[in-house]
Every structure is written in C-alpha cells, then in structure tokens.
Number of protein chains: 2
Amino acid sequence: MLETIGAQAKEAAFVLGKTATVKKNEALSAVADALVAKADTIIAANEIDVQHALEAGMKSSLVDRLKLTKERIEAMALGVKQVAELDDPIGEVIGMKLRPNGLKIGQMRVPLGVIGIIYESRPNVTADAFSLCFKTGNAVILRGGSDAIHSNLCIGEIIGQVLEEQDLPKTCIQVLKDTSRETATELMRLNRYVDVLIPRGGAGLIQSVVQNATVPVIETGTGNCHVYVDDSADLDMACDIVFNAKTQRLGVCNACESLVVHKAVAQPFIKKIAERLQTKGIELRGDEEACSIVETILPATEEDWGTEYLDAILSIKTVSSIDEAIAHINRYNTKHSETIVTKDYNHSEQFLKEVDAACVYVNASTRFTDGFEFGFGAEIGISTQKLHARGPMGLLALTTTKYVIYGDGQIRE
Amino acid sequence: MLETIGAQAKEAAFVLGKTATVKKNEALSAVADALVAKADTIIAANEIDVQHALEAGMKSSLVDRLKLTKERIEAMALGVKQVAELDDPIGEVIGMKLRPNGLKIGQMRVPLGVIGIIYESRPNVTADAFSLCFKTGNAVILRGGSDAIHSNLCIGEIIGQVLEEQDLPKTCIQVLKDTSRETATELMRLNRYVDVLIPRGGAGLIQSVVQNATVPVIETGTGNCHVYVDDSADLDMACDIVFNAKTQRLGVCNACESLVVHKAVAQPFIKKIAERLQTKGIELRGDEEACSIVETILPATEEDWGTEYLDAILSIKTVSSIDEAIAHINRYNTKHSETIVTKDYNHSEQFLKEVDAACVYVNASTRFTDGFEFGFGAEIGISTQKLHARGPMGLLALTTTKYVIYGDGQIRE
C-alpha cells in the first residue's frame with residue numbers, strides 16, 4: 001500500500017513542482033477558508049479521538065493538546081494563510097557564474113520532492129506541515145499518532161478536496177490511515193519515493209526514526225540548553241536571562257536546563273538566582289560548590305548534566321574558567337542553543353567560536369531559537385543535526401538546489 | 001576500539017576547528033613534502049598490497065588503480081598543495097541581520113566535526129580525502145578497502161607524524177587497521193562521534209552504507225546520465241556532445257549511458273551518431289524505432305533503461321515529445337547529470353525546470369559535472385542526493401553553519 005502512496009506522492013510532486021506561486025497561494029487560501037467553513041466536521045472527528053483518549057485514561061495535559069476547538073481551528077487556518085503570504089523560494093537561481101569555457105553555471109532552488117512527516121499527538125501539525133511543504137512545492141506523506149487519527153484524516157480529507165477543486169493533485173497531501181509501527185518503519189525505508197523524513201515529537205520518536213530510517217532524516221530538536229554566567233557577567237542581566245530561559249515556558253526545547261557559573265561569581269550569583277527561581281518553584285540540583293552556597297540546592301548526579309528536564313528543574317555546575325565551561329557544554333549539550341552572559345569581548349568571541357550548537361548566543365535568552373523569532377515567518381522544526389539545515393528551519397530548509405548549466409555546444413577535452 | 005578512535009577524532013576536531021588557516025596551510029604543505037620525501041617507504045608498503053592482489057588474481061585494471069609509483073605519489077602531493085592554496089571557508093559569517101528587538105543574527109560557517117570516509121581500492125583517496133577534511137577543520141576516520149591496507153596505513157602514518165611535528169593532533173587522521181565488514185558497520189553507527197559519512201566507490205558500497213548507516217550519509221554518485229536530442233537540435237552539435245559524453249572517458253559517473261531522441265529527427269540523427277560511435281566500438285541497444293533505423297542496433301530490454309553501463313554501451317530511446325523525454329529521464333535516471341540539445345528556447349527552459357537531477361545542461365556534455373570543471377578547485381565526490389549538498393562537492397560541502405546571535409540582555413516576552 002505504501003508503494004502506491006509513494007508513487008502517487010512522487011507524481012503529485014512533479015505537478016506541484018511546476019505550479020506557479022500564485023496558484024499555490026490561491027490553493028492555500030482556499031484550504032484556510034475550508035478549514036474554518038468545515039470546523040464542525042473537524043470538531044466531530046476530533047471528538048472521537050478525545051473520547052478514545054479519555055477512555056484510555058490519557059493525562060489531561062495531553063488530552064488538551066489533542067483537543068480542537070473552533071478557536072484552535074481558526075488559528076490553524078490563520079497559520080495556513082500566513083504561509084500563503086510568505087515569499088516563495090522556489091525557482092530562484094543563485095550565483096550564476098561564467099566559466100572560462102563559456103558555460104554559465106548557477107544553482108536553481110527546487111523542491112525536495114516528497115517529504116515524510118512522522119509526528120505525535122497534536123492534530124494541528126497536519127495542516128501546518130502540509131502548508132509549509134505545499135508552499136515549497138513538495139508533496140507530503142503524513143504519519144501522525146494513532147491518538148489523533150480521526151482528526152488527522154478529516155483535516156487531510158478537507159485539504160485534499162480543496163486541492164481537487166483547484167485542479168491540483170489531491171495526493172499532494174496523504175495522511176496514512178494505518179498508524180502501526182510496521183507501516184511507519186516501511187515509510188522510513190521508502191527511499192524510492194520519499195526524499196526526506198522529518199520527525200516531530202519527543203526524543204523517543206526522533207531516535208526511533210534516526211535508528212530505523214534509510215531515507216535521509218532531518219533530526220529535530222531535543223534541547224539540553226545551557227546558560228553560562230562568566231566571571232565578567234552583569235549579574236542582573238544574567239539573572240534576567242536565566243530566569244527567562246528557564247521559566248518563560250517550561251517543556252520547550254529551547255528552555256534552559258542547566259546553568260554553568262564561573263566560581264568567581266558563584267557566591268553572589270547562585271544566591272541571587274536561587275531566590276528568583278524559588279518564586280516559580282524551580283527545583284535546583286547543583287555540584288558540591290553550588291550546594292555549599294544555597295542549602296536548598298540538591299546534589300546533582302552525573303545523569304543530571306545530560307538531562308533535558310522539560311520541567312521545573314535546573315542543574316547548576318560551577319567552573320574555574322571559560323574553557324572548562326565550554327568543555328562541559330560541548331560534552332553534555334544536545335547541540336541546540338547555548339548562551340554566555342559576559343562583558344568580556346574575548347570570552348564572547350571564544351564562546352561563539354568554540355561552542356558546538358545550532359545557535360550560540362551572547363547576552364540573550366536561549367528562548368529566541370525559533371523560526372518566527374529569527375524572522376523566517378514559519379517553522380517546520382529546529383534542526384540539531386549538522387547536515388542540510390541547522391537551527392530553526394523555515395521554508396528554505398524544505399528546498400534543495402540543482403545546478404543549471406547553459407552551454408552552446410561545449411564538450412570536454 | 002572504534003569508541004576510542006571516535007573519541008580521539010572528536011577531540012582532534014575541537015583543536016583543529018579553532019586552528020588558524022595559516023597553520024593549517026603550513027601543515028598541508030609539510031604533508032605534501034613528506035609524502036614525496038618518503039615515496040620509497042610508501043612504494044614499499046604498496047608493493048605488499050600489489051603482491052597480495054596479484055596472488056589473489058585481481059584484474060589487471062584494478063591492480064593498476066592500486067599501484068603507486070613515484071609519479072603518482074608526486075601527483076598526490078601536488079593535490080595536497082593545491083588544497084592548501086584554496087580559500088578557507090571556515091569562520092565566514094553569512095547574512096548577519098538585525099532583528100527588531102536588537103538581536104543580531106548571522107550564520108557562521110564551521111566544520112562538520114568528524115567525517116568518516118568509506119572507500120575502495122585507490123590509496124590516493126587517503127591523502128586526497130584527508131587534505132579536504134583537514135582544510136575545512138574536520139577530523140577524518142578513513143576506512144579503505146583491505147586491498148590497499150598497507151598503502152593506506154603507511155600514508156596515514158606519514159601524515160600523522162607531520163601533524164605531530166606541527167603541534168597538531170595526529171588523530172586528525174585515523175586509518176582503520178581493521179577492514180572487516182563488522183567494523184565498517186560499527187563506524188556507520190557511531191553517531192556519538194561521527195557527524196557524517198561519505199562513501200566513495202561503486203553502487204554496491206554506496207547502497208550498503210545507505211542501508212546500514214544511522215550516521216547521516218552524503219550519497220555520492222552513480223550516474224545513469226542521458227542526452228536528449230530535441231526535434232529542434234543542431235544535429236552536428238548533438239553528435240559532438242553525445243560522442244564526447246559517451247566516449248571521452250568510459251567508466252566514469254558523468255558519462256552518457258542513454259540517448260533519447262525525438263522521433264522527428266531520429267532517422268538522420270541515429271544514423272549519424274551510430275556511424276560516429278562505431279569508430280570507438282560502442283555497442284548500441286535501442287527501442288523498436290531505433291533498431292529499425294540502423295540494423296546493427298540491438299534490441300534494448302526494460303533493464304537497459306535503468307542501467308549505468310560504465311562501459312562501451314549506449315542505450316537509445318525514441319520519443320514523440322519533450323514531455324515524454326522528460327518523463328522517461330525522470331523515471332530511469334539516477335539524479336546525476338542530464339543534457340538537452342536544442343535550439344528551442346521554451347524547450348531549454350522546460351528541461352532545466354522539470355528534469356530532476358543534480359546537474360541539468362543545455363547544449364553541453366554531461367562530462368562537465370566535476371568539482372574542478374565547476375571551478376571549486378577540489379572535489380570530495382558528486383552528491384546525487386538532495387540534502388545538504390547536490391552535485392559536485394568542493395570544500396563548502398564539508399562545512400556546516402551555526403547561528404551566532406549577539407544580544408545585549410534580550411529576554412523573550
């Protein structure tokens with residue numbers, strides 16, 4: 001069955017790849033309108049999923065993520081309209097150069113082709129991922145979680161109908177009915193038809209895709225993010241940044257999970273930040289020195305340094321130098337987002353150069369790692385791998401290039 | 001054992017990543033000198049490999065690829081010197097933009113980290129791949145074929161000694177002594193330490209890496225390349241291009257393996273090209289129409305359309321339109337290099353836009369797909385995948401970027 005779905009996606013991608021921007025934007029706009037117009041149908045399908053979730057005893061926070069309301073559907077539709085308004089990167093030709101033999105060689109930006117998205121509960125990903133893939137000329141195969149299957153199929157069906165009305169292949173979007181693990185694995189190995197896989201979800205899902213896929217994967221983001229408070233830091237600024245990075249939103253990949261503090265400022269700074277974080281009930285786990293400064297800090301274990309809590313917990317490590325800070329961060333981080341707070345020029349440049357992560361900050365909160373905050377107008381995820389795309393991924397991450405070469409009869413001697 | 005090698009490579013990469021360009025260039029120059037100075041040692045080691053190959057009854061063409069002479073070692077050293085002279089892409093910051101909140105966000109070009117190269121017989125790849133990885137600040141783990149193990153280890157040892165003399169980690173290059181399949185598979189799954197794998201060799205090797213690796217792979221090139229002769233083509237030009245693309249060098253990935261001809265010009269053109277190719281003893285295999293035009297053309301089977309011969313054979317397909325030509329090419333090609341010969345403006349643009357390949361040409365031989373011909377001054381391989389790098393890969397393909405963000409205390413509201 002996946003063979004057929006793959007072949008259909010490839011055919012749809014060929015048609016979509018040569019569709020004019022205006023036409024794609026009209027279709028996206030019509031999709032947004034249809035989602036709002038058919039909100040009741042979507043809510044009815046979603047209620048089946050919610051009912052199943054409640055019967056299965058799903059945690060209320062997860063049920064909440066699963067639940068669609070009129071307002072949420074409107075927000076989803078607005079997201080699709082916003083993607084329609086973004087510039088279309090497809091077709092641009094970059095760096096056309098004339099070679100000594102008269103060949104003109106440039107790189108044309110083109111769609112990737114067929115994108116597989118493997119995701120978990122939230123059904124809004126269905127419309128969201130579709131719109132980004134569609135805008136960039138890619139057909140998409142969506143494999144959501146079984147929890148949200150009725151919602152996902154319903155949204156996929158509505159979008160497919162609109163595409164058909166717009167004389168575009170409805171197979172530009174295909175939602176897999178079968179949410180079994182076997183079918184997911186088959187999708188991960190469908191190299192003949194699928195050009196790239198993007199897993200969106202928790203660390204378990206992402207690792208399963210990395211381990212099982214033969215199709216190239218864009219690994220998206222777990223974030224064990226650090227803030228390093230340098231000996232020269234403005235401690236008020238450092239306190240604001242750590243407080244923001246840890247507490248502005250718990251449970252997101254760009255939240256701070258670990259604080260690294262230079263020993264020269266450990267005494268005043270750890271007291272100050274512990275007091276501030278206490279107002280939000282954050283649990284602190286520190287090394288020996290940190291524990292000796294504030295008695296409510298619990299002893300951290302080796303495991304703490306490598307843990308992305310996604311919770312109201314912060315680990316605290318003290319260091320004797322910026323080199324030690326950088327070594328600690330590079331050892332335990334997940335290559336996501338790292339910040340130094342400093343007034344020292346050399347330390348700022350060293351940190352930017354030597355820390356191995358998708359986003360390295362001086363004097364700012366790690367929470368800015370986000371496609372919208374970076375000005376991309378969209379985000380398909382945050383890549384923590386090094387190939388193809390690194391950091392927040394906007395529309396460009398869903399494209400590739402091909403060399404186009406204009407000749408007048410050149411042959412190789 | 002690979003665990004240790006991986007950890008050593010990671011450490012070496014950290015040191016090399018912050019080494020100044022001048023220092024890297026001096027080391028490369030010293031490596032080139034040492035290769036020439038120790039040519040006798042390399043030749044002695046190589047003779048063991050050659051002797052084993054002869055005893056094992058290796059084909060003489062393969063023995064020739066394995067064999068190192070003084071001239072070949074000098075050419076190898078010259079290649080290393082040329083890499084030293086190329087611009088260093090590391091450290092460049094691209095597109096620094098000021099956001100409304102005062103954050104300055106740019107992308108710094110940085111090394112990938114640790115690169116694993118898995119390759120077959122030719123021992124010159126050892127020095128070649130090392131020099132490109134080293135120039136771009138990457139540590140390299142080389143897993144060559146067992147045929148060339150003595151040569152590879154000897155070259156690796158000489159390079160490592162030079163690095164040590166230059167106060168750089170000798171583990172910037174590590175040649176695996178163990179050439180077993182198990183160790184290769186272990187390398188392909190060493191995600192903790194290896195950032196990317198580049199297989200260099202035949203289709204079997206590349207597929208084995210794609211199927212077994214969990215480390216991201218840059219797939220390099222098998223090439224089932226087509227030349228399409230349009231109804232509006234200048235037939236003399238078409239004849240020169242096909243002749244060049246097929247015969248200038250057999251057995252290379254950018255050679256033409258299949259000719260697609262519009263039926264309107266099939267009669268004169270197939271006669272003309274068949275006569276010309278006969279002078280080089282090229283076997284022709286065609287569809288029914290092609291066979292009806294020249295009687296020495298053998299009937300092609302379905303398998304022929306998808307075959308990269310790497311040999312003195314060319315398949316010939318006739319089509320009724322450019323659309324049919326494009327559909328045929330997209331169905332059977334390996335996404336490498338494709339050419340249209342035409343005088344029609346609309347056809348040239350349609351072909352460039354709709355053919356799915358790393359390099360798409362108008363009126364030029366497919367043989368130009370090459371890092372040197374494209375002006376990169378180097379080539380680590382030709383990528384036929386769509387992620388990260390597509391087409392000939394020079395130094396840039398061995399780098400990634402990280403976002404660097406300059407703030408003055410920004411926190412997210």
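Residues are numbered from 1 along each chain as its sequence is written, while chains are lettered from A and ligands numbered from 1 in the order in which they are written. Because the model is predicted, local features need pLDDT of at least 70 and side-chain atom pairs count only at pLDDT 80 or more, whereas totals for chains, interfaces and linings use all residues.

Two copies of a chain are related by a rotation about an axis and a shift along it. Here, chain B is superposed on chain A by a rotation of 180° with 0.0 Å of shift along the axis, at an RMSD of 0.0 Å (superposition is by least squares on the C-alpha atoms of residues with pLDDT of at least 70 in both copies). The two copies are thus related as by a two-fold rotation axis. In chain B, the C-alpha nearest this axis belongs to B:His388, at 1.8 Å. Both copies use the same surface, as 100% of the contact residues of chain B recur in chain A.

At the interface, 53 residues of chain B are in contact with 53 residues of chain A (contact requires C-beta atoms, placed from the backbone, to lie within 7 Å). Elements of chain B that give two or more residues to this side are helices H9 (203-212), H10 (235-247) and H15 (345-354) and strands E13 (359-364) and E16 (399-410); helices (H or I, at least four residues) and strands (E, at least two) are DSSP runs, numbered from the N terminus. The most is given by E16(B), with eleven residues. By residue class, the side of chain B that touches chain A divides into 24 nonpolar, 16 polar and 13 charged. In this scheme Ala, Val, Leu, Ile, Met, Phe, Trp, Tyr, Cys and Pro count as nonpolar, Asp, Glu, Lys and Arg as charged, and the others, Gly among them, as polar.

Strands of the two chains also pair. Strand E16 (residues 399-410) of chain A and E13(B) run in the parallel sense over five bridges, two strands being paired if DSSP finds at least two bridges between them. Within this pair, A:Tyr406 stands opposite B:Val362. An open sheet of ten strands, with mixed pairing, has the order E1(A)-E2(A)-E16(A)-E13(B)-E12(B)-E7(B)-E8(B)-E11(B)-E9(B)-E10(B). Strand E1 (93-98) of chain A and strand E10 (298-299) of chain B stand at the edges with a single partner strand each, so one side of each is left without a neighbour in the sheet. Inside chain B, E7 (residues 225-229) and E12 (residues 337-341) pair in the parallel sense over four bridges, with B:His226 opposite B:Glu338.

Helix H10(B) lies across E16 of chain A and E7, E8, E11, E12 and E13 of chain B, at about 160° to E12(B). Axes are lines fitted to C-alpha atoms, for helices over the stretch in contact, and angles run from 0 to 180 degrees between N-to-C directions. H10(B) also packs with helix H11 (residues 263-278) of chain B at an angle of about 40°, the axes being 10 Å apart. H10(B) and H11(B) are therefore oblique to each other (angles under 35 degrees count as roughly parallel, over 145 as roughly antiparallel, 65 to 115 as roughly perpendicular and the rest as oblique). Residues of their contact divide into ten nonpolar, no polar and three charged.

Terms used. Two residues are in contact if their C-beta atoms, placed from the backbone, lie within 7 Å.
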